[in-house]
Amino acid sequence: MTPPRNYDLAQRMAELARASAAPRSVEQVLLDVTSAAMELIPGADTAGVLLIGKGGKWDSVANTSDLSHRLDELQMLFNEGPCVEAALDELIVRTDDFRSEDRWPQYSPAVVDIGVLSGLSFKLYTADRTAGALNLFSFKPNAFDAEDETIGVVLAAHAAAAILASRHGEQLQSAISTRDRIGQAKGIIMERFGVNDVQAFEMLRKLSQDSNTRLIDVAQRVIDTRGD
């Protein structure tokens, strides 16, 4: 007897959770997610993740084939399509047949020309600098159903958690680096001018205000003069 798909999903999510416990890059986690989507959603012929940043910058990652990257390129070229809409606006965007899809007048006929007929996209998250979507496409019309949407939402949540954890890690590393450089600069000032910790920080802060320069940049300049 074939196990129900919700059982398969539970098993796969447990595997993803165990894999995420080990130190791994975001790219590796997202590749696991798109691979799981291909396993759990039979209608999917390709999968990938589109990340959209400010100023039109974008990145197509964790693609299970070159086709996913090509489809992302077309969406960013036309500035329309299900992945863009899911990343920036909707939670789930499903297209049963691109041949009759009128929401994206340029994108739809372009993907039909390369044989793609249906798609399913899920918002990962929207942050100040980046938005993202998990995207599935099929060469068949009506390839996705409500159960596929449920599975995709769970996988998208896992992918979003990995991306946001990575962003948090980057911010933490940046904060540690900033703290360390300010600490180094304070130490140099304390040694050079015979002042205490509080006075050294006030000198840095005053230099920052007077020169209209970020505190971390002033601290770096002090560090750079260490050998003078």
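User: Is Glu-101 buried or exposed in this model?
Analyst: This is a predicted model, in which local features need pLDDT of at least 70, side-chain atom pairs count only at pLDDT 80 or more, and totals for chains, interfaces and linings use all residues. Residues are numbered from 1 along each chain as its sequence is written, and side-chain values use heavy atoms, with hydrogens and water left out. Buried means under 20% relative accessible area, exposed over 50% and partly exposed in between, with a 1.4 Å probe and protein chains only. Because its relative accessibility is 14%, Glu-101 counts as buried.

User: Which residue's side chain makes a polar contact of 2.8 Å with that of Glu-101?
Analyst: Glu-101 sits in the loop between β3 (92-95) and α5 (107-113); helices (H or I, at least four residues) and strands (E, at least two) are DSSP runs, numbered from the N terminus. A polar contact is a pair of N or O atoms within 3.5 Å; within protein, one must be able to donate a hydrogen and the other to accept it, and residues adjacent in sequence count only if both atoms are side-chain atoms. At 2.8 Å, the partner of the Glu-101 side chain is that of Arg-103.

User: Which face of α7 do its buried residues line, and which residues are they?
Analyst: Helix α7 covers residues 197-211. Seen down its axis, the buried residues fall within an arc of 80°, taken from the directions from the helix axis to the C-beta atoms, so they line one face of the helix. On the other side, Val-198, Gln-209 and Asp-210 are exposed. The buried residues are Ala-200, Leu-204 and Ser-208.

User: Which residue caps the N-terminal end of α7?
Analyst: At this end, a side-chain oxygen lies 2.7 Å from the backbone nitrogen of Gln-199.

User: Where in the chain is confidence lowest?
Analyst: pLDDT is the predictor's confidence in each residue, from 0 to 100. The chain mean is 81, and α5 has the highest mean, 97. Confidence is lowest, at a mean of 56, in helix α1 (residues 5-21).

Terms used
The expected span of a helix is 1.5 Å times one less than its number of residues.
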